[in-house]
Amino acid sequence: HKEYRRQRQMCIRDRCDTAAFNRFFHAMLDHGVHFAPSAFEAGFVSATHDDAVITSTLDIAEKVFAAM
């Protein structure tokens with residue numbers, strides 16, 4: 001299982017468009033939304049992220065994706 005997991009992770013890594021993630025990350029950051037700086041890191045929602053914050057983040061992401 002360990003070898004399978006390693007090979008699967010390598011396949012995912014090789015198919016990831018890190019340049020696109022980099023553009024997305026910086027555009028979101030320009031709008032005040034902070035994500036982990038790597039395409040391979042997880043993001044988490046916490047109790048401090050209320051509906052207004054989540055809605056705002058999604059609205060900004062929609063604009064960023066449209067501009068990409």
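Helix α2 covers residues 18-30, and its 13 residues should span 18 Å at 1.5 Å a residue; the end C-alpha atoms are 18 Å apart, which agrees with that expectation. The model described here is predicted. The secondary structure of the protein chain consists of three helices and zero strands, in the order α-α-α from the N terminus. With a radius of gyration of 15 Å, well over the 11 Å that the globule rule gives for 68 residues, the protein chain is more spread out than a compact globule.

**Overall dimensions and surface**

- Taken along the principal axes, the C-alpha atoms of the protein chain fill a box of roughly 40 × 30 × 15 Å.
- Buried residues account for 12% of the 68 residues of the protein chain.
- The protein chain has an accessible surface of about 5800 Å², and carbon and sulfur atoms contribute 56% of that surface.
- Where contacts in the protein chain link residues at least 6 apart in sequence, 53% of them join residues at least 24 apart.

**Helix α2**

- The buried residues in α2 include A20, F24, F25 and M28. These residues cover an arc of only 135° around the axis, which puts them on the same side of α2.
- An α-helix has 3.6 residues a turn, so residues three or four places apart point the same way.
- Among the elements that cover the buried residues of α2 is α3, residues 51-67.
- L29 also belongs to helix α2. L29 is partly exposed, because its relative accessible area of 30% lies between the limits of 20% for buried and 50% for exposed.
- L29 and I54 are 25 residues apart along the chain, and their C-alpha atoms are separated by 15 Å.

**Helix α3**

- The 17 residues of α3 should span 24 Å at 1.5 Å a residue, and the end C-alpha atoms of this helix are 24 Å apart, which agrees.
- I60, A61 and V64 are the buried residues of α3. Seen down the axis of α3, these buried residues fall within an arc of 105°, so they line one face of the helix.
- The face of α3 turned away from its buried side carries exposed residues, namely D51, A52, L58, E62, K63 and A66.
- The cover over the buried residues of α3 includes α2.

**The largest nonpolar core**

- Six residues make up the largest nonpolar core: F24, M28, V33, I60, A61 and V64.
- Both α2 and α3 give two or more residues to this core. The largest share, three residues, comes from α3.
- A61 is in contact with F24 and M28, when its neighbours within four places in sequence are left aside.

**The loop between α2 and α3**

- F35 has its place in the loop between α2 and α3. At 36% relative accessibility, F35 counts as partly exposed.
- Not counting residues up to four places away in sequence, F35 touches F24, F25, M28 and T57.
- F35 and V45 are ten residues apart in sequence, with a C-alpha to C-alpha distance of 11 Å.
- H34 is another residue of the loop between α2 and α3. H34 is exposed, because its relative accessible area is 63% and the limit for exposed residues is over 50%.
- The C-alpha atoms of H34 and Q7 are separated by 30 Å, and these residues are 27 residues apart along the chain.
- S38 lies in the loop between α2 and α3 as well. S38 counts as partly exposed, with 24% relative accessibility.
- S38 and K63 are 25 residues apart in sequence, and their C-alpha atoms are 21 Å apart in space.

How values were computed
Residues are numbered from 1 along each chain as its sequence is written. This is a predicted model: local features need pLDDT of at least 70, side-chain atom pairs count only at pLDDT 80 or more; totals for chains, interfaces and linings use all residues. Side-chain values use heavy atoms; hydrogens and water are left out. Helices (H or I, at least four residues) and strands (E, at least two) are DSSP runs, numbered from the N terminus. The expected span of a helix is 1.5 Å times one less than its number of residues. Buried means under 20% relative accessible area, exposed over 50%, partly exposed in between (1.4 Å probe, protein chains only). The arc is that of the directions from the helix axis to the C-beta atoms. Contact means heavy atoms within 4.5 Å. The radius of gyration is taken over C-alpha atoms; the globule rule is 2.2 Å times the number of residues to the power 0.38. Accessible areas come from the Shrake-Rupley method with a 1.4 Å probe; for residues, only the protein chains shown count as cover. A nonpolar core is a set of buried Ala, Val, Leu, Ile, Met, Phe, Trp, Tyr and Cys residues joined through side-chain atoms within 4.5 Å.
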